[in-house]
Amino acid sequence: MSNSELLGLALSEGTGFAMTRLSCDRDRRDRTAPTPLENAFSLLHQLQDLDGRACWQAGRQRFAGAFRAGTVSVVDLREEAACEFRGLFEAVQFYIPKPSLDDIAYEQKGRVLDTLERDRALPDPVVTSLCEL
């Protein structure tokens, strides 16, 4: 059974998403190199509390501060982004191309979204349950 059958979606050829578990036991890390521009979103779900994270998009700081376990942050990869992490890091990253979101909206007869936004302070039980699979 393919992923598109498992999810009940008929995604176009070349679309889909990726899910990666990330961890680092170093307390401090340098700021990441700027991301290449892509028509996609990065969702980062914290599996444990993180002392600090800062993110810059298009050269401007978008957010900074501690992140609690169970929270999710969204980065629009259509703008150059760089991040810096402080503290032990344990998270799951979802890489979601915009065409995949458009396919899901079409398949479900929903509205095509221009962007994704999420309140980073609130836990997300849906993404948490996906990360527990």
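I take contact to mean heavy atoms within 4.5 Å. The model is predicted.

**Entry: Arg53**

I started with Arg53, which sits in strand 3, residues 50–57. I listed what Arg53 touches, leaving aside its neighbours within four places in sequence. The contacts are Leu44, Phe63, Ala64, Gly65, Phe67, Ser73, Val75, Cys83, Glu84 and Phe85. Which side chain of opposite charge is nearest to Arg53? I found Glu84, at 11 Å. A salt bridge needs a side-chain nitrogen within 4 Å of a carboxyl oxygen. Arg53 has no salt bridge, yet Arg53 is buried.

**Entry: overall make-up**

Next I went through the whole protein. I counted 3 helices and 7 strands. Along the sequence the pattern reads α-β-β-β-β-β-β-β-α-α. The protein has 133 residues, and 35% of them count as buried. The accessible surface is about 8,400 Å². Carbon and sulfur atoms hold 52% of that surface.

In what order do the strands of the 4-stranded open sheet stand? I read the order as 1-7-2-5, with antiparallel pairing. Strand 1 (18–24) and strand 5 (72–76) are at the edges. Each has a single partner strand, so one side of each has no neighbour in the sheet. From one strand to the next, the twist averages 20°.

I checked the pairs in turn. Strand 1 and strand 7 (residues 89–97) run antiparallel and are joined by 7 bridges. Within this pair, Met19 has Phe94 of strand 7 as its bridge partner. Helix 2 (residues 98–107) packs on the sheet and touches strand 2 (40–46) and strand 7. The direction of helix 2 makes about 65° with that of strand 7.

Strand 2 is also antiparallel to strand 7, again with 7 bridges. Here Ala40 stands opposite Pro97 of strand 7. Between strand 2 and strand 5 I found 5 bridges, and these two run antiparallel as well. Leu43 has Val74 of strand 5 as its bridge partner.

**Entry: strand 2**

How many residues of strand 2 are buried? I get 7 of the 7, so strand 2 is largely enclosed by the rest of the structure. In a regular strand the side chains alternate between the two faces of the sheet. I sorted strand 2 by direction. Ala40, Ser42, Leu44 and Gln46 point one way. Phe41, Leu43 and His45 point the other way. Both groups are buried. Leu44 also turned up among the contacts of Arg53.

**Entry: salt bridges**

The count comes to 5 salt bridges. I looked up three of them.

Glu90 and Arg21 meet at 2.8 Å, N to O. Glu90 lies in strand 7 and Arg21 in strand 1, 69 residues apart, so I noted a link between distant parts of the chain. Are these two buried or exposed? Glu90 counts as buried, at 18% relative accessibility. Arg21 is exposed, with a relative accessible area of 58%.

Arg78 and Asp114 meet at 3.9 Å, N to O. Arg78 is in the loop between strand 5 and strand 6 (81–86). Asp114 is in the loop between helix 2 and helix 3 (125–131). The pair therefore ties together parts that are 36 residues apart in sequence. Arg78 is partly exposed, with a relative accessible area of 29%. Asp114 counts as exposed, at 59% relative accessibility. I also found Asp76, Arg78 and Asp114 linked in a network of salt bridges.

Lys98 and Asp102 form another salt bridge, with the closest N and O atoms 2.6 Å apart. Both residues belong to helix 2. They are 4 residues apart, so about one helical turn separates them. Lys98 counts as buried, at 8% relative accessibility. Asp102 counts as partly exposed, at 25%.

**Entry: looking back at two buried charges**

Lys98 is buried and has a salt bridge with Asp102. Arg53 is buried too, but has no salt bridge.

Definitions and conventions
Residues are numbered from 1 along each chain as its sequence is written. This is a predicted model: local features need pLDDT of at least 70, side-chain atom pairs count only at pLDDT 80 or more; totals for chains, interfaces and linings use all residues. Side-chain values use heavy atoms; hydrogens and water are left out. Buried means under 20% relative accessible area, exposed over 50%, partly exposed in between (1.4 Å probe, protein chains only). Lys and Arg count as positive and Asp and Glu as negative; His and the chain ends are not counted. Two strands pair if DSSP finds at least two bridges between them. Axes are lines fitted to C-alpha atoms, for helices over the stretch in contact, and angles run from 0 to 180 degrees between N-to-C directions. Accessible areas come from the Shrake-Rupley method with a 1.4 Å probe; for residues, only the protein chains shown count as cover.
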